[in-house]
Amino acid sequence: MMSSRGFQGLFSAAQRYRDWVGVERLMVREPGLSHGFGWTERHVQCVWADSRYRPDVLTAETGESVTVLDPGRWNLEAGPDFLGATLLIEPGKRLVYGDIEVHVRARDWLHHGHRGDERYEQVVVHATWFPGVLPEKDLPAGTIQLSLEGNVGPSPVLLDTIDVTAYPFSVDTAIGSHAALFRRLDPDTLGALLDSAGEERLARKAEGVALAVSRSDPDQVLYEEVLGALGYKSNKAAFRLLARRVPLNRLREEADGDCVRAFALLSGVAGLLPEPTAMMDAETDTFLRACWARWWRMRERWDYAVMPTESWSRSGVRPQNYPERRMMAAAELFTRPRTLGAGLLSILRSQKTWPIRELQALFALRRDVPYWERHYTYGRRTTRPLALVGEGRCRTMVTNVAVPWLVAVVPGELVFDGPPPLPSEASNSVVRAVAHAVLGPDHSATLYRSTLRKQGLLQIFRDFL
């Protein structure tokens with residue numbers, strides 16, 4: 001695996017941001033890049049808090065079974081991360097009540113000065129991302145130690161799917177008084193800092209992908225990344241879980257080039273394939289019957305993997321982004337004769353500069369299933385044709401998926417100087433909120449017009465969690 005510091009030439013300006021962060025002592029958490037971990041303790045707290053990421057039943061380092069009946073109340077003050085949790089420990093069916101402390105690594109308990117701190121005397125679980133065990137003398141008596149990575153899977157890229165803005169804190173609070181350190185910079189210096197922060201974000205993304213690739217097949221990692229991107233904010237976690245329930249090699253084997261068969265498999269395992277009914281219109285009835293003609297032949301082999309319907313969200317999701325439409329897009333992208341990864345590598349190797357437009361075109365779907373051109377969901381028609389993946393989402397996948405994956409998979413082949421010329425992207429709510437907190441309410445949006453600077457604002461947001 002190559003660390004982000006090894007991507008010299010591509011992200012050389014990232015060091016400027018790291019140096020500035022160090023000099024100004026802006027980090028309120030342990031630097032994410034230590035030992036190849038590009039996320040923060042806040043992300044690990046979200047895993048504990050949210051049952052979509054954390055299984056209800058965990059395995060402690062001792063081998064005991066830990067059922068989380070109540071994860072506790074998120075503590076926004078000093079002290080343990082979660083208060084008043086309820087756990088069932090087996091064997092023995094022992095009920096345990098108390099507080100939860102979450103860290104990236106076990107040794108953080110000592111580094112953060114918790115040993116002997118009376119505020120932590122009621123901690124009953126020390127949950128870390130990486131496996132690790134502290135001596136019993138360093139923890140409150142009877143503290144259960146467990147690794148979240150060991151329970152949810154080895155790929156920390158999962159953490160990048162978490163929308164930390166959905167959890168109990170605000171951007172203004174997170175940035176706090178540190179905003180003054182940004183506002184005292186002149187526009188040119190601040191712009192350069194945002195550029196370097198953007199390079200740092202790209203480097204960290206590539207580092208996370210490189211770590212995942214070191215543990216899994218590169219094409220499977222790309223598949224998980226694409227499905228996560230197709231899921232948008234509301235369904236990222238569910239799409240990543242689907243990508244693991246239906247691995248890429250099994251999807252391609254089952255589909256054998258038939259994108260409707262691939263769709264039937266994905267939507268069947270997702271728990272989102274309804275049976276045809278007499279109430280449906282003729283188009284929907286025909287399409288669903290075609291899907292079920294394929295799914296029923298596979299169903300018995302995949303019953304064990306079917307996800308609960310509740311895994312999926314439509315709350316706040318625009319109809320064109322409904323999960324069934326995105327599953328059709330995934331089915332088309334990953335049943336092409338040549339794998340998506342092979343296509344990305346072929347484009348990269350055929351150019352002497354970053355082939356951003358060509359990469360973007362690879363994500364555009366050329367053979368939309370007619371049914372989904374005219375439907376938001378089953379039986380709900382659109383007033384005009386809709387692409388399964390719009391141009392904006394294609395651009396986003398180039399920045400957040402294709403570029404980091406290529407940097408991670410073939411770093412030795414990247415002979416370009418400087419970061420790639422990222423395709424333009426619209427600002428999202430997080431970018432706007434961070435810009436308001438860092439630049440002030442009267443700032444000019446032209447300062448972060450480029451996608452690289454938007455990435456920089458997102459990196460600043462992450463580093464102040």
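## Rings, strands and a loop

Colleague: Which ring does the charged end of Arg 314 sit over?

Modeller: The charged end of Arg 314 sits over the ring of Tyr 322, 5.0 Å from the centre of that ring; for this, NZ of Lys or CZ of Arg has to be within 6 Å of the ring centre and within 35 degrees of the ring normal. Note that this is a predicted model, in which local features need pLDDT of at least 70 and side-chain atom pairs count only at pLDDT 80 or more, while totals for chains, interfaces and linings use all residues. Residues are numbered from 1 along each chain as its sequence is written, and side-chain values use heavy atoms, with hydrogens and water left out.

Colleague: And what lies over the face of Trp 48?

Modeller: That is Arg 54, at 5.6 Å from the ring centre of Trp 48. Trp 48 itself is one of the buried residues of α2, where buried stands for under 20% relative accessible area, exposed for over 50% and partly exposed for anything in between, with a 1.4 Å probe and protein chains only.

Colleague: How many of the residues of helix α2 are buried?

Modeller: Eight of the nine residues of helix α2 (residues 41-49) are buried, so the helix is mostly covered. Among them are Glu 41, Arg 42 and His 43 as well as Val 44 and Val 47. Helices here are DSSP runs of H or I with at least four residues, and strands are runs of E with at least two, both numbered from the N terminus.

Colleague: Back to rings, how many aromatic pairs does the structure hold?

Modeller: It holds eleven aromatic pairs, counting rings of Phe, Tyr and Trp (its six-membered ring) whose centres lie within 6.5 Å, with planes under 30 degrees apart called stacked, over 60 edge-to-face and the rest tilted. Trp 74 and Phe 82 are a tilted pair, because their ring centres are 5.2 Å apart and their planes stand at 55 degrees. Both of these residues, Trp 74 and Phe 82, are buried.

Colleague: What about Phe 287 and Trp 372, at what angle are their planes?

Modeller: Their planes are at 85 degrees, with the ring centres 5.9 Å apart, so this pair is edge-to-face. The pair links distant parts of the chain, since Phe 287 belongs to helix α12 (residues 282-302) and Trp 372 to helix α16 (residues 370-373), 85 residues apart.

Colleague: Now the strands: how many bridges join strand β2 to β4?

Modeller: Five bridges join β2 (residues 65-70) to β4, and the two run antiparallel; strands are taken to pair if DSSP finds at least two bridges between them. Within this pairing, Val 68 stands opposite Leu 87 in β4. Strand β3 (residues 73-74) is also antiparallel to β4, through two bridges, with Leu 83 as the partner of Arg 73. On β5, which is joined to β4 by six bridges and runs antiparallel to it, the partner of Leu 87 is Val 96. Strand β4 (residues 82-90) is mostly covered, with seven of its nine residues buried.

Colleague: Which residue takes a positive phi near 110 degrees in the hairpin of β4 and β5?

Modeller: Gly 92 does, in a hairpin with three residues between the strands, and at 65% relative accessibility Gly 92 counts as exposed. Most residues other than glycine have a negative phi, and most peptide bonds are trans. Lys 93, however, has a positive phi near 45 degrees, and Lys 93 is exposed, with a relative accessible area of 61%. In the loop between β4 and β5 there is also Pro 91, and the peptide bond from Glu 90 to Pro 91 is cis, with omega near 5 degrees.

Colleague: Last one, which residues form a nonpolar patch on the surface?

Modeller: Leu 69, Leu 95 and Tyr 97 do, with about 340 Å² of accessible area together, an area from the Shrake-Rupley method with a 1.4 Å probe, where for residues only the protein chains shown count as cover. Patch members have over 30% relative accessible area and no salt bridge, with like charges joined within 9 Å and nonpolar side chains (Val, Leu, Ile, Met, Phe, Trp, Tyr) within 5 Å; a salt bridge is a side-chain nitrogen of Lys or Arg within 4 Å of a carboxyl oxygen of Asp or Glu. Tyr 97, found in strand β5 (residues 94-103), is exposed at a relative accessible area of 57%.
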